[in-house]
Amino acid sequence: MPVTILYFAHVRELVGLSSESVHLPPDIHTVADLADWLAKRSDGHAAAFVDPSRLRVALDQIMSCFDQPLDGALEIAFFPPVTGG
Amino acid sequence: MREVRIQFDDFDPGREQARLEAHGIGAIATFTGLVRGDDGVDQLHLEHYPGMTERTLEALCAEASARWSIDAVLLIHRVGPLAVGERIVFVGTASAHRASALEACAFLIDRLKTDAPFWKKERVSGQERWVEAKESDDAASNRWRSS
């Protein structure tokens, strides 16, 4: 099943896309696995994922962490630390 | 009343406070955040994550209602382009007593800043740059986690 990857703010600008639909290879288990795999898709992706410590991730709109399993999430979002309010 | 709104348009704090007062309880606390013109900033652009942002704010309102005895909570956050001096955010709480109203209001704005997916891009002399998250905001938010 395809999953939707969303990018926001600075990450969206670096990747050059606000969203993309991808089919995950079977060896992608955690958020970190996915980030490593996405980083190989283009120079923009590589730039966006160069320092995962500066990224945040949400699985199906719930905040998560890079060491967490994807656990069947269908909407995975990457973005910088938030700055609202 | 528990209401969360994300909107492009401005809001009227007086009108929103009157809606809280209509609940006829003893105390109303409100917070209004404005765009600051620090370091030559002349405009902000607010981006959010439609769906997750609303969900996060609803969850914070639910948490505030569970922790404090509040009868009404209203949270408004604007998105899109905003000039210096414009209103960005409004938090309002109503309770029988001031301590609950004030604490719930402070909790909501502190946690909103670190938990809700919004991002600010500022324009300084025609150059745009993304605003970096602040450690002082993390500290303000974390004080509500330990108690």
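In chain B, 78% of the contacts with a separation of 6 or more are between residues 24 or more positions apart. Here, two residues are in contact if their C-beta atoms, placed from the backbone, lie within 7 Å.

A word on the ground rules: this is a predicted model, where local features need pLDDT of at least 70, side-chain atom pairs count only at pLDDT 80 or more, and totals for chains, interfaces and linings use all residues. Residues are numbered from 1 along each chain as its sequence is written, while chains are lettered from A and ligands numbered from 1 in the order in which they are written.

## Exercise 1: Get to know chain B

Task: work out how many helices and strands chain B has, and in what pattern its elements run.

Solution. 
- Step one, count: chain B has four helices and eight strands. Helices (H or I, at least four residues) and strands (E, at least two) are DSSP runs, numbered from the N terminus.
- Step two, order: from the N terminus, the pattern is β-α-β-β-α-β-β-β-α-β-β-α.
- Step three, overall dimensions: along the principal axes, the C-alpha atoms of chain B fill a box of roughly 50 × 35 × 30 Å. The radius of gyration of chain B is 15 Å, which agrees with the value near 15 Å for a compact globule with 147 residues. That radius is taken over C-alpha atoms, and the globule rule is 2.2 Å times the number of residues to the power 0.38.
- Step four, burial: 35% of the 147 residues of chain B count as buried. A residue is buried if 20 or more other C-beta atoms lie within 10 Å of its own, exposed if 12 or fewer, and partly exposed in between, with C-beta atoms placed from the backbone.

## Exercise 2: Now chain A

Solution. 
- Step two: along the sequence they follow β-α-β-α-α-β-β-β. With a radius of gyration of 12 Å, close to the 12 Å from the globule rule for 85 residues, chain A is as compact as a globular protein of that length.
- Step three: the C-alpha trace of chain A spans about 35 × 30 × 20 Å along its principal axes.
- Step four: buried residues are 32% of the 85 in chain A, and 52% of its contacts with a separation of 6 or more join residues 24 or more positions apart.

## Exercise 3: Where the chains meet

Task: find which element of chain B gives the most to the side that touches chain A.

Solution. 
- Step one: 20 residues of chain B are in contact with 13 residues of chain A.
- Step two: on the chain B side, helix H2 (52-67), helix H3 (98-115) and strand S7 (118-124) are the elements that give two or more residues.
- Step three: H3(B) gives the most, with four residues.
- Step four: this side of chain B divides into 12 nonpolar, four polar and four charged residues. Ala, Val, Leu, Ile, Met, Phe, Trp, Tyr, Cys and Pro count as nonpolar, Asp, Glu, Lys and Arg as charged, and the others, Gly among them, as polar.

## Exercise 4: Two helices side by side

Task: are H2(B) and H3(B) roughly parallel or roughly antiparallel to each other?

Solution. 
- Step one: their axes come within 10 Å and cross at roughly 150°. Axes are lines fitted to C-alpha atoms, for helices over the stretch in contact, and angles run from 0 to 180 degrees between N-to-C directions.
- Step two: H2(B) and H3(B) are therefore roughly antiparallel. Angles under 35 degrees count as roughly parallel, over 145 as roughly antiparallel, 65 to 115 as roughly perpendicular and the rest as oblique.
- Step three: Leu57(B) and Leu60(B) are among the H2(B) residues that meet H3(B), where the partners include Phe107(B) and Leu108(B).
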